[in-house]
Amino acid sequence: MERKATFKENIIGYSFLAPALILLGTFLIIPVGMVIYYSFTDYYLLTPDQRQFIGFENFKRLFSDPIFIKSIWNTSKFVICIIPLQLGAALGMALIINKKRKGNLFFKIAFFAPVVMSLVVISILWLYLLNPNEGLINMLFNRIGISSQPFLTSPKQAMYTIVFVSAWQGAGYQMLLLLGGMQNIPQDVYEAAEIDGFSKFQQFRYITMPLLKPTAIFVLLTTLISAFKLLVQPMVMTQGGPMNSTMTMVYYIYQTGFTDRMVGYSSSIALIFTTMIGLITIAQRKLVKEDK
């Protein structure tokens, strides 16, 4: 009887899990398996029946592909630049809103508004603003005596321009997370610190930052992973140019797989990209545990 009851309970439990397991298998496990398989083939989208197993040829080709090497460097540059800029802006905005003052609602809406807007719309908007000939930004620069800048048409400036636009668009989301963490800090701690003569900077350094650490680590992890997945901004604003200066790994996967239709080659890039993200995530988690 007990075995029958246990079996029945297990069946009921698995039936509740079944929809999630089916979705997980359909949209994660099966696609990952297909990517691994295709990465070892010469699969071309227009001739799917003629694909052949070619071993590690795609991976050998990758590491002699200058565009792929450039995409790794561009992605790394974007991540290194945007993490301190976006998190710094988010922390500053959270500190502004955390204080009780008139107009806080306006600041919340203004800081968070870019997050709810479509990335495509934002990218097109900034294309007009950053136009080297008729853009508003260069018009303002000319008014204060600064010459017009090429921005997205310059290989030296294009990636940094995309970093700025991306940080402006995404900082509001991180701001809300950090603000939630700040508002969970007991006010009694700050009151005790004021009685002990702590300045505002000392309160921020010795109270806010240590108690905000769990939230900050979560924000750092999510920002890091989303930064590696940069796609929309270079696709809309520069198409990976000029001179592949904004070609990222995800955009190169899209371009080789859907534009050039080389599914096998793009799958090998996707496999390397996934491995990189996994290794970075594992390393970061270990560092966080050791720091604790």
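**Close-up views of a predicted model**

**View 1. The largest pocket holds about 600 Å³ of space.** A pocket here is an open set of points on a 1 Å grid over the protein atoms alone, with protein on both sides within 12 Å along at least five of seven lines, and lining residues have an atom within 4 Å of a point. The volume is the space filled by probe spheres set on the points. This is a predicted model, where local features need pLDDT of at least 70 and side-chain atom pairs pLDDT 80 or more, while totals for chains, interfaces and linings use all residues. Residues are numbered from 1 along each chain, and side-chain values use heavy atoms, leaving out hydrogens and water. Of the 17 lining residues, Asn98, Lys99, Gln187, Tyr190 and Lys200 lie nearest the pocket's centre. Helix 9 gives the largest share of the lining, 5 residues; helices are DSSP runs (H or I, at least four residues) numbered from the N terminus.

**View 2. Gly241 and Pro242 are joined by a cis peptide bond, with omega about -10 degrees.** Pro242 sits in the loop between helix 10 (232–237) and helix 11 (249–259). Met243, in that loop between helix 10 and helix 11 too, has a positive phi of about 55 degrees although it isn't a glycine. Most residues other than glycine have a negative phi, and most peptide bonds are trans. Met243 is exposed, at 69% relative accessible area (buried is under 20%, exposed over 50%, partly exposed in between, with a 1.4 Å probe and protein chains only).

**View 3. Arg261 has a positive phi of about 65 degrees, though it's no glycine.** Look for Arg261 in the loop between helix 11 and helix 12 (263–291). Arg261 counts as partly exposed, at 33% relative accessibility.

Key. 1 Å grid on protein atoms, 1.4 Å probe; cavity = no way out; pocket = protein on both sides within 12 Å on 5 of 7 lines; lining within 4 Å. Helix = DSSP H or I, 4+ residues; strand = E, 2+ residues; numbered from the N terminus.
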